[in-house]
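Keep the structure open while reading.

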Amino acid sequence: MSQANYLARESQNNPARREQFIDDYAAFILSCAAKAVGRSVSKSDDEWSIALSAFNEAIDCYDFVKGSFLSHARLIITRRLIDYRRASKRNREIPVPPESFLRDGAGAVDYAVVYVEDDQSDQTLREELLFANQVLKEYGFSFFDLAGHTPKKSQPRDECSDAVNCLIDEAPLLKWMREKRRLPLNRLADACGARKKTLSFFRFFVITGAEILTRDFPSLKRYFSFIRREAKR
């Protein structure tokens with residue numbers, strides 16, 4: 001586990017340690033801000049203040065189960081700077097196609113793959129996709145690998161949805177998945193009552209659902225919201 005993970009936890013209730021942590025990672029904060037806004041950022045810019053506030057927010061809400069602190073902080077910094085940019089443009093919303101919400105279950109995910117890949121004008125989705133792919137790359141696949149590999153029939157879809165919800169609700173299973181970069185197939189199958197063969201075949205879908213629904217991806221989450229709804233059936 002990286003040093004940054006431990007420093008983040010130690011900084012949560014230690015102001016002096018937090019100040020030193022922030023000072024040591026100022027270059028990282030500036031780099032994240034620059035990538036988010038597409039230009040160089042200095043400590044005299046408003047973006048620095050927003051990124052610094054976001055880094056503090058990342059420290060406050062960090063837990064080891066979230067995985068890498070730096071990835072966690074990068075996502076929050078990017079999210080807050082996107083919010084700032086949108087607010088500075090008088091809250092001009094970037095539309096998500098309404099057709100996507102009319103599709104049932106995993107069909108929404110397939111549609112999201114095509115829509116996000118084709119519509120490069122949607123800046124919010126593009127930013128989220130960039131960081132989602134960084135997360136999924138650690139498992140050996142990308143968001144676009146989901147196309148055509150989502151469960152369509154009711155039984156496997158229900159089993160996969162149950163598996164995702166189990167990962168979300170059972171912190172030890174989610175922590176194991178993130179540490180090992182693969183599904184805990186035997187434990188997960190036993191915990192949610194799904195067939196191991198189904199979870200193995202649709203593992204990209206299960207991993208992606210769990211990662212997106214437990215991270216700061218508000219636009220991408222809309223395409224996976226049916227998973228949490230199905231948990232209440």
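**From one residue to the whole chain**

Thr 198 has a relative accessibility of 8%, so it counts as buried; the cut-off for that label is under 20%. The model is a predicted one. Thr 198 sits in helix H11, which spans residues 196-201. What does Thr 198 contact, once its neighbours within four places in sequence are left aside? The partners are Pro 156, Glu 159 and Cys 160.

Now step back to the fold. The protein chain holds 14 helices and zero strands. Read from the N terminus, every element in the run is therefore an α in the order α-α-α-α-α-α-α-α-α-α-α-α-α-α. Of the 233 residues in the chain, 47% are buried. Thr 198 is one of the buried residues. Take the contacts with a separation of 6 or more: 63% of them join residues 24 or more positions apart. The accessible surface of the chain is about 11800 Å². Carbon and sulfur atoms own 49% of that surface.

Next come the helix pairs. Two packed helices are described by the angle between their axes and by the distance between those axes.

Helix H1 covers residues 3-11, and helix H2 covers residues 15-24. Their axes come within 8 Å and cross at roughly 140 degrees. On the H1 side, the contact is made by Ala 4, Leu 7, Ala 8, Glu 10 and Ser 11. On the H2 side, Arg 17, Arg 18 and Phe 21 take part. Sorted by class, the contact of H1 with H2 has four nonpolar residues, one polar and three charged.

Move on to helix H9, residues 171-180, and helix H12, residues 203-213. How far apart are the axes of H9 and H12? They lie 12 Å apart, and the helices pack at an angle of about 110 degrees. The range for roughly perpendicular is 65 to 115 degrees, so H9 and H12 are roughly perpendicular to each other. Their crossing is left-handed. Which residues meet where H9 packs on H12? Leu 174, Met 177 and Arg 178 come from H9. Ile 207, Ala 210 and Glu 211 come from H12. By class, this contact of H9 with H12 has four nonpolar residues, two charged ones and no polar ones.

How values were computed:
Residues numbered from 1 in each chain as written. Predicted model: local features only at pLDDT ≥ 70, side-chain atom pairs only at ≥ 80, totals over all residues. Heavy atoms only, no water. Axes fitted to C-alpha atoms, helices over the stretch in contact; angles between N-to-C directions. Helix = DSSP H or I, 4+ residues; strand = E, 2+ residues; numbered from the N terminus. Parallel < 35°, antiparallel > 145°, perpendicular 65-115°, else oblique. Left-handed = near helix turned anticlockwise from the far one by under 90°. Contact = heavy atoms within 4.5 Å. Nonpolar A, V, L, I, M, F, W, Y, C, P; charged D, E, K, R; others polar. Buried < 20%, exposed > 50% of the residue type's maximum accessible area, 1.4 Å probe, protein only. Areas by Shrake-Rupley, 256 points an atom, 1.4 Å probe, with all protein chains shown as cover.
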